[in-house]
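Hello,

Here is the structure I promised to pass on to you.

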Amino acid sequence: MAGVLAVTETRAGALRGVSREVVTAARSLADEMGGGVDALVLGPPGIGEEAGGLGAFGADRILVAEDEAFGAYAPDAALRAIEELAGANDYGAVLLAASARGKDLAPRAAVRLGRPLATDVTEISVEDGRPVVVRPLYAGKALARLAFSGAPALMTIRPNVFLPREREGEGAVEPLDVAAEPSRGRVHPVESGGQGELDVAEARIVVSGGRGMGDPDNWSLLEELKDALGDGVALGASRAVVDAGWRPHEEQVGQTGKVVTPELYFAIGISGAIQHLAGMRTAKVIVAVNKDPEAPIFDVADYGIVGDLFEVVPRLTDEIRVAKESGPGVKRRD
Amino acid sequence: MKSIVCIKRVPDTETRVRIGSDGVSIDPSGVKYVLNPYDEFALEEAIRLEEEAGEGSVTAICLGPPAATESLRTALAMGADDAVLLKGEPSHDGLVTARALAAEIEGRDFDLLLFGKQAVDDDNMQVPAMVAELLGLPCATVVVELKVDGGRVSAVREVEGGHETVEFDLPGVVAAQKGLNEPRYASLKGIMAAKKKPLEQKEAELSGSDLELVSLSEPPEPEAGEIVGEGADAVPELVRKLREEAKVL
C-alpha cells in the first residue's frame with residue numbers, strides 16, 4: 001500500500017494549471033500501487049480554499065502550508081516539507097511538474113531523499129510493483145524506459161501530457177506547519193514578461209515563426225493569428241530567428257530551446273531543421289505553412305499549405321475569426 | 001574570483017540519433033561530439049568574472065570518456081586555466097554523476113560553481129542542483145542574468161512567461177541558460193596556449209544506481225500528413241479540417 005505525494009506549485013496566489021496534471025498523474029499511479037494521494041501545497045494565506053479543489057483530481061489529503069513568504073518560490077521550505085512528509089509516510093512515488101520550479105526543486109529533493117530522479121516523464125506504469133517510466137532524451141529523438149528500485153520513485157512529469165481528469169470524490173484539506181525561513185538564499189516573486197504567465201511549453205496552442213517570416217516586424221501577422229485563436233495561445237520561434245535576435249530565447253522551440261506538446265502547433269515559415277522537429281513533433285496536431293513543398297516540416301505536419309505565408313496567414317486569421325464567431329467547434333479543455 | 005565549471009561532451013544537436021545494438025546506448029558511428037552548448041555560457045561567464053576581477057581562476061571539470069579531453073581543451077582554449085577529467089561513463093542517473101562531481105569538488109577552494117542548465121543528450125537537468133545540495137550550497141538554475149557584487153550574487157532565472165531573481169552569498173552554484181552572454185570563440189592563440197595548460201586525469205567515483213535503464217527506443221515515425229492545398233485558397237478547407245477532423249478549434 002504505497003501512496004504518492006504530488007508536489008504542487010502556486011504563482012501570484014493561485015495554483016498553476018500544471019499542478020492539476022501532477023495530481024491526476026499521481027492518482028493513476030496510486031491506484032495501480034494501491035495507495036492514496038497526498039497533495040502538498042505551499043502558498044500565500046487563503047490558498048487552502050482553491051487547493052481544496054485538488055480533491056476532484058484525485059488528492060485524498062491536501063496538505064496546505066500558508067505563509068506570506070510562499071507567495072514566491074520557497075525551495076528551502078518546500079524541501080523541508082517534502083523531506084518531512086516522505087519520512088512520515090511510506091510513499092511509493094513523489095511527483096512534481098517538469099516546470100521551471102519542479103525542475104529546480106526535484107533534484108534537490110532527490111539528494112535529500114537519497115533517491116534517483118526521472119525528469120520530464122511522459123508515461124508511467126507499474127511492473128512487478130516497481131514504477132516504470134518513459135522519458136525523452138535528445139529532445140525526443142530517443143525514448144528511455146527506466147525502472148525504479150526502492151522507494152520513493154521521484155519524477156517530474158512533462159506539462160500537457162497527463163491531462164487533468166476529474167473524478168468522483170473529495171479530498172480533505174489539512175493544515176501543514178512548514179517553517180518559511182529560507183536557509184540559503186532568497187527568491188523574489190516572479191515578474192511576468194510579455195506573454196503574461198503563459199509559457200510556450202505549457203500553451204494549448206503554439207504559433208511559431210521561422211526565418212520565412214523575413215523580418216521581425218512581420219511578427220504582427222502571428223500576433224493577429226494568436227489573438228484570433230483565443231486563450232491559451234503562445235508564440236514560439238525557431239532557433240534561426242532567436243539567434244538572429246528577432247525573438248527572445250524563451251520562445252525558442254527545439255533541442256536548445258523548449259520541447260512543447262500542445263494540442264495544436266502552427267509552424268509558419270519554418271523549414272523544419274532536425275533540432276526544431278525534436279522540440280515539437282509530439283504536438284497533437286501540426287499545421288505547416290511554407291513556400292517550399294520539399295521542406296522537412298511537411299514530413300511531420302498533419303496539415304500543410306504550400307504557399308506564400310504573407311497571403312496564407314492573414315487569410316487564416318480571418319477564417320478562424322469567422323469560424324469562432326459562428327460558434328465553438330469543440331468544447332475547450334479547461 | 002575563483003570559479004569551477006562542470007562541462008560535458010555531447011552529440012551535436014544536428015545529430016540523427018540511432019539506438020545501438022545493445023539497446024541501451026546510442027550508436028556512436030558518424031556522431032559528431034561537441035562541448036555541450038549550454039556549458040559554453042557557463043564557461044564564458046566564469047572567464048568574464050575572472051577578467052573583470054583581474055584575479056582568480058577558472059577550473060573546468062568533466063566527467064566522461066578519455067575522448068572528452070577534447071571538450072576540456074576547448075574550455076582551456078576559451079580561457080579556463082586548468083582542467084580535470086574524471087574518467088568514466090556519465091550515468092543516465094543524474095544522482096550518480098552529481099555524487100562523482102561533488103566528491104571531486106568538495107574540499108576545493110572556489111567562489112562560484114557553474115554548469116550549463118542541462119546537457120543536450122540526456123536532458124536530465126538534474127546535476128547542477130544536485131551538486132549544490134550535496135555540497136550544501138545555494139543554487140540558481142536556468143540563469144539568464146548574473147550579477148556578482150562583493151560576495152553577493154543576484155541571478156535572474158527564466159520561469160514560465162517571466163523571470164524570478166534569486167539572491168545568495170558566495171560560494172554558490174549557477175546553471176547557465178542561453179542568453180546569459182555571448183560565448184567567445186577560442187582564438188588561435190588560445191588554442192595554442194591550451195596545449196600547455198594543466199589537464200589532470202583521474203578515475204571518477206561512480207556509485208551504483210536505483211534507476212535501471214531498461215531500454216532506449218526511437219520515437220514512432222510521425223505519420224505523413226496531407227498537403228491541404230496551395231496558397232490562401234486552401235485556408236477554408238484547412239480551417240474546416242481543424243474543426244471537424246482534428247477538433248482542435
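Helix 3 of chain B is followed by Gly107(B), and the phi of this glycine is positive, near 95°. Please keep in mind that this is a predicted model. Is helix 3 of chain B largely enclosed, or open? Because 10 of its 12 residues are buried, helix 3 of chain B is largely enclosed by the rest of the structure. The buried ones are Gly94(B), Leu95(B), Val96(B), Thr97(B), Ala98(B), Arg99(B), Ala100(B), Leu101(B), Ala102(B) and Ile105(B).

Helix 1 of chain B can be read in a similar way. The 17 residues of this helix (37–53) should span 24 Å at 1.5 Å a residue, and the end C-alpha atoms are 25 Å apart, which agrees. Its buried residues include Tyr38(B), Phe41(B), Leu43(B) and Ile47(B), and also the charged-type names Asp39(B), Glu40(B), Glu44(B) and Glu45(B). After helix 1 of chain B comes Gly54(B), with a positive phi near 70°.Now to chain B as a whole. Chain B has 6 helices and 13 strands, and 51% of its 249 residues count as buried. Its C-alpha trace spans about 65 × 45 × 40 Å along the principal axes. Of the contacts in chain B with a separation of 6 or more, 69% are between residues 24 or more positions apart.

Which strands pair with strand 10 of chain B? One of them is strand 6 of chain B (112–116), which runs parallel to strand 10 and is joined to it by 5 bridges. In this pairing, Gly116(B) stands opposite Ala176(B). Strand 7 of chain B also pairs with strand 10 in the parallel sense, over 3 bridges, and here Ala140(B) has Val174(B) as its bridge partner.

Next, the meeting of the two chains. How many residues of chain B are in contact with chain A? There are 70 of them, and they touch 78 residues of chain A. Among the elements that give two or more residues to this side of chain B are helix 3, helix 4 (127–135), strand 7 (139–149), strand 9 (162–169) and helix 6 (235–244). By residue type, the side of chain B that touches chain A divides into 33 nonpolar, 17 polar and 20 charged.

In soluble globular proteins, nonpolar side chains tend to be buried together. The largest nonpolar core here has 199 residues, and the members that touch the most other members are Ala6(A), Val22(A), Leu40(A), Leu95(A), Val5(B), Ala60(B) and Val143(B). Helix 1 of chain A (17–33) gives the most to this core, with 8 residues. The core also draws at least three residues from each of domain 1 and domain 2 of chain A. To see what surrounds one of these members, take Leu95(A): not counting residues up to four places away in sequence, Leu95(A) touches Val4(A), Ala6(A), Val7(A), Val22(A), Ala25(A), Ala26(A), Met155(A) and Ile157(A).

The domain assignment of chain A gives domain 1 (3–175) and domain 2 (205–325). The centres of the two domains, taken over C-alpha atoms, are separated by 32 Å. Where they meet, 7 residues of domain 1 of chain A are in contact with 9 residues of domain 2. The domain 1 side of this contact divides into 3 nonpolar, 2 polar and 2 charged residues.

Where is Gly13(A) placed? Gly13(A) is in the loop between strand 2 (10–11) and strand 3 (14–15) of chain A. Gly13(A) counts as partly exposed because it has 13 C-beta neighbours inside 10 Å. Leaving aside neighbours within four places in sequence, Gly13(A) is in contact with Pro44(A), Ile47(A) and Gly71(A). Ser271(A) lies 258 residues from Gly13(A) along the chain, and the C-alpha atoms of these two residues are separated by 41 Å.

Best wishes

Notes
Residues are numbered from 1 along each chain as its sequence is written. Chains are lettered from A and ligands numbered from 1 in the order in which they are written. This is a predicted model: local features need pLDDT of at least 70, side-chain atom pairs count only at pLDDT 80 or more; totals for chains, interfaces and linings use all residues. A residue is buried if 20 or more other C-beta atoms lie within 10 Å of its own, exposed if 12 or fewer, and partly exposed in between; C-beta atoms are placed from the backbone. Helices (H or I, at least four residues) and strands (E, at least two) are DSSP runs, numbered from the N terminus. Two residues are in contact if their C-beta atoms, placed from the backbone, lie within 7 Å. A nonpolar core is a set of buried Ala, Val, Leu, Ile, Met, Phe, Trp, Tyr and Cys residues joined through C-beta atoms within 7 Å. Domain bounds come from an automatic or database domain assignment. The expected span of a helix is 1.5 Å times one less than its number of residues. Two strands pair if DSSP finds at least two bridges between them.
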